Every structure is written in structure tokens, then in C-alpha cells.
Amino acid sequence: FSGIAGDAFSRIRSFADDLIGTAIPAAAQKFSAIYDNLRSDNPEDWSNAVHSCRRVLQDLADQLFPATDIPKVRTGNGKRIEIKLGPDNYINRLVCYAEEHASSERTEEIVGSQLRYLGDRLDALFQAAQKGSHSVISTREEADRYVVYTYMLVADFLKIKAAEATA
């Protein structure tokens, strides 16, 4: 089974690596730093790698759906909901991008769901670190997962962008 996962990830990596450097150059530099942090035996470096993942998603949002002070308004069940799209609302901006640009509703749902999960977790880790927690990331494997999830999301968004450009 590891061969199957490795082959699939290699195809995704080949596609994503070609686009990350040109689409979001700041993220390419951050992924390099993330890699260096994951090679370390120091748990503090693993936490730094995960915090960099948050910044990669922020860079991606800035590139695909720039921040605005004008919220997106949705209505449903007789309620009016304002979705903030400011600089700190990178998850909302990426979800809006997926909703507006995904080629299918299923792609939008999958990417949006994964993004909300990862974004919420990264934000929780960031907030814990801001409050002085020093044991946020306890294992390299945990950091590895967040890095892979982030990388896969970036690849998904770049695929949406590439499909739109060729349509």
C-alpha cells in the first residue's frame, strides 16, 4: 500500500511543485524552511514548521482571494450572515475562493471541509503558542501530518486555479 500512496503523492507533488514557485513564491520559501525545521530533533522547530503552514495558507489566500473590508453576505433560513474576509480571515477567503472557482460542487465540498479542519487546528495551535504554551506539537509525526495536509491543500487550490486558467 505504501507504493500506491507514494506514487499518488509523487504525481501531486510534481504538479504542485511546478506551480508553487510561480503562483505563490513566498510559500516556496516557507516550504523550504518547513523542511529544514522538520529535519531537526528539536520539538520547538516542529512547532515552527506548523506555524509556517499557517503562513503558507495566508500567502495562498492573499494571492487567490485578497483581503477586503467588505464581508460576503449569505442568507438562509431567514437569517443574514456576514462572512468576514479581512487579512486574518484567510480560511474564509480560501473557502470563498473554492466556492466561486471549483469545477464541481463535490470538489468545493472536499476542499472546503479539509481547509476548515486544518485551518481551525492551525489557528488553535497558533493561539496556544501566543498564550505561552510550549508543548503544542509533541511529535515530529504530528508536525509531518500538518505539513502534508497543508501541501495537499495548496495543491488542490492550485489545481482549481490551473483548471480555471485553461477553461
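**Salt bridges and helices: a working chat**

Trainee: Glu99 first: buried, exposed or partly exposed?

Mentor: Glu99 counts as partly exposed, at 26% relative accessibility. On cut-offs, buried is under 20% relative accessible area, exposed is over 50%, and partly exposed is in between, using a 1.4 Å probe and protein chains only. Keep in mind that this is a predicted model, where local features need pLDDT of at least 70 and side-chain atom pairs count only at pLDDT 80 or more, while totals for chains, interfaces and linings use all residues. Residues are numbered from 1 along each chain as its sequence is written, and side-chain values use heavy atoms, leaving out hydrogens and water.

Trainee: Which residue does Glu99 meet in a salt bridge?

Mentor: Arg74, at 2.0 Å from N to O. Glu99 sits in helix α4 and Arg74 in strand β1 (residues 72-76), so the bridge links parts of the chain 25 residues apart. A salt bridge here is a side-chain nitrogen of Lys or Arg within 4 Å of a carboxyl oxygen of Asp or Glu. The helices (H or I, at least four residues) and strands (E, at least two) are DSSP runs, numbered from the N terminus. Arg74 is partly exposed too, with a relative accessible area of 30%.

Trainee: Which residues are linked with that pair in a network?

Mentor: Lys72 and Glu100 join Arg74 and Glu99 in a network of salt bridges.

Trainee: How many salt bridges does a search of the whole structure find?

Mentor: Seven. One of them joins Asp41 and Arg140, 2.6 Å from N to O. Asp41 lies in the loop between α2 (25-39) and α3 (43-64) and Arg140 in helix α6 (residues 140-166), so this pair ties together parts 99 residues apart in sequence. Asp41 is exposed at 68% relative accessible area, whereas Arg140 is partly exposed at 25%.

Trainee: What about Asp62, which Arg does that go with?

Mentor: Arg93, with the closest N and O atoms 3.0 Å apart. Asp62 is in helix α3 and Arg93 in helix α4 (residues 90-101), 31 residues away in the chain. Asp62 is partly exposed at 40%, while Arg93 is buried at 0%.

Trainee: Switching to α3 itself, what is its span from first C-alpha to last?

Mentor: α3 has 22 residues and reaches 32 Å, close to the 32 Å expected. The expected span is 1.5 Å times one less than the number of residues.

Trainee: At what angle do α1 and α6 cross?

Mentor: The axes of helix α1 (residues 2-23) and α6 cross at roughly 70° and come within 9 Å. That makes α1 roughly perpendicular to α6. Axes are lines fitted to C-alpha atoms, for helices over the stretch in contact, with angles from 0 to 180 degrees between N-to-C directions. Under 35 degrees is roughly parallel, over 145 roughly antiparallel, 65 to 115 roughly perpendicular, and the rest oblique.
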